[in-house]
Amino acid sequence: MELTEKRKVQLAVFILFVSSIIVFAGCADACSSCKGRLAFGIAGGVIATFYSMVMLVLYRFKEDLADKIDLWVSMFSVAWCCAVVGVNTSPSSVQAGILNVYYFSWAMFFASLIWFFYAATQRGFVEASQKGDVTFHFTKEGNTGKAVPADADPVEAAEEGKAPTAVDSTAPPPSTE
């Protein structure tokens, strides 16, 4: 069964949702006096649970709104989960000994990363081929949807009034001969 891009995004958000519930429940279970890193572990899981739950509801009932904000929320999610995994898996934290928290913190991070990748793919910022090649398209004005080959002559393009604004990372490098 082949999943569509939208379903892959929703699956990543669902994995984030389940993982974040396990993280905050594991931290809360170990909490006798919630201070410092343990309190941040609980907060990290609760906040990730909240925004992933909101996005799941939006995907279900307000898909047009979800499509407008999911790239930005997924970027926040990657940064947030990076902080959570850093705190929860550091050797000096209490959570590092709780295996559910340790592994599911990483699951949160990778689910966020996958969510961001598929959200960026839907907008054309990232292009993945069947061969596994990935092309990134970044411009000053935003996404043009078209890549400029890496071997394009910038002087020629500047003379025509069109400087290359994106780079095709799958193009071979220009020869030095």
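Colleague: Which residues of H1 are buried?

Modeller: In H1, the buried residues are Val9, Gln10, Ala12, Val13, Leu16, Phe17, Ser19, Ser20, Val23, Gly26 and Cys27. Buried here means under 20% relative accessible area, with exposed being over 50% and partly exposed in between, using a 1.4 Å probe and protein chains only. Before we go on: this is a predicted model, where local features need pLDDT of at least 70, side-chain atom pairs count only at pLDDT 80 or more, and totals for chains, interfaces and linings use all residues. Residues are numbered from 1 along each chain as its sequence is written, and side-chain values use heavy atoms, with hydrogens and water left out.

Colleague: Where is Ser20, and what does Ser20 touch?

Modeller: Ser20 is in helix H1, residues 5-29. Helices are DSSP runs of H or I with at least four residues, strands are runs of E with at least two, and both are numbered from the N terminus. Leaving out residues up to four places away in sequence, Ser20 touches Gly45, Ala48, Thr49, Ser52 and Met108. Contact means heavy atoms within 4.5 Å.

Colleague: Why do you call Ser20 buried?

Modeller: Because its relative accessible area is 0%.

Colleague: And Gln10, buried or exposed?

Modeller: Gln10 is buried too, with a relative accessible area of 14%. Not counting residues up to four places away in sequence, Gln10 touches Leu56 and Tyr59. The C-alpha atoms of Gln10 and Tyr59 are separated by 7.4 Å, although the two are 49 residues apart along the chain.

Colleague: What about Cys27?

Modeller: Cys27 is buried, at a relative accessible area of 0%. Its C-alpha atom is separated by 6.1 Å from that of Gly41, 14 residues apart along the chain.

Colleague: New topic: how do H1 and H3 cross?

Modeller: The axes of H1 and helix H3 (residues 63-88) come within 12 Å and cross at roughly 35 degrees. Axes are lines fitted to C-alpha atoms, for helices over the stretch in contact, and angles run from 0 to 180 degrees between N-to-C directions.

Colleague: Which residues make that contact?

Modeller: On H1 they are Lys6, Val9, Leu16, Val23 and Cys27, and on H3 they are Glu63, Asp67, Asp70, Ser77, Cys81 and Asn88.

Colleague: Last one: what span should H1 have?

Modeller: At 1.5 Å a residue, the 25 residues of H1 should span 36 Å, and its end C-alpha atoms are 36 Å apart, which agrees. The expected span is 1.5 Å times one less than the number of residues.
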